[in-house]
Amino acid sequence: MKIDELVVAASVLDAQRDATVKAARAFYDFWNTGDETMLKQAIAKDFTDDSLPSGRLQGPEGPALASRQFRAAIPDLRVEVKKMIVASDYVTVRVMFTGHFTGRLGETLGKGQAVTFVATDLLKVENGRITDNLHIEGNQTLLQKIDVARVSS
């Protein structure tokens, strides 16, 4: 997983930086590929999603299910890490999702629409595993691009 820009606080020790970046890389490799072995390498068994969407399970099954649902709608989903900032036990990451809506999302069938949206995650990493994730996604942009939502002027 390529990271376009990596910023590390001066106070972060090399070993902590390496473990933190390794966990974050594995997490975004998972999102980029859907490979759940990468997810298992990245997150703790007691992983907590601090902005859990309705209907999503807490713990490791939550991101696994979300990835499967995204890939059912956008089979060619790709993730790029634009910026990663490591400070103490926390990592702030800005990512870009791209692909084409050729699958199904709920009752909506894709027509090949190009999809691009950004997300920002605040990850907490302890002992080389992500324990918490607070995330903000560009869901409105995503839903507009796949013709599920409209914004009126």
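Y90, L122 and L134 together make a nonpolar surface patch of about 240 Å² (patch members have over 30% relative accessible area and no salt bridge, and nonpolar side chains are joined within 5 Å; areas come from the Shrake-Rupley method with a 1.4 Å probe; a salt bridge puts a side-chain nitrogen of Lys or Arg within 4 Å of a carboxyl oxygen of Asp or Glu). The model is a predicted one, with local features needing pLDDT of at least 70 and side-chain atom pairs counting only at pLDDT 80 or more. Numbering runs from 1 along each chain, and side-chain values use heavy atoms, leaving out hydrogens and water.

L134 counts as partly exposed because its relative accessibility is 41% (buried is under 20%, exposed over 50%, partly exposed in between).

Turning to the rings, there are 8 aromatic pairs in the structure (centres within 6.5 Å; planes under 30 degrees apart are stacked, over 60 edge-to-face, the rest tilted). One of them joins F27 and W31 edge-to-face, at 6.3 Å centre to centre and 85° between the planes. Both residues belong to helix α1 (residues 14-33), 4 residues or about one turn apart. F27, at 1% relative accessibility, is buried, and W31 is buried too, at 10%.

F70 and F97 also pair up: their ring centres are 6.3 Å apart with planes at 15°, so this pair is stacked. Since F70 is in helix α3 (residues 61-73) and F97 in strand β4 (residues 90-101), the pair ties together parts 27 residues apart in sequence. F70 and F97 are both buried. Ring pairs link F27, Y28, F30, W31, F70, F97 and F117 into a cluster.

Note on methods
Patch = residues over 30% accessible without salt bridge, like charges linked within 9 Å, V, L, I, M, F, W, Y side chains within 5 Å. Buried < 20%, exposed > 50% of the residue type's maximum accessible area, 1.4 Å probe, protein only. Phe/Tyr/Trp six-rings, centres within 6.5 Å; stacked < 30°, edge-to-face > 60°. Helix = DSSP H or I, 4+ residues; strand = E, 2+ residues; numbered from the N terminus.
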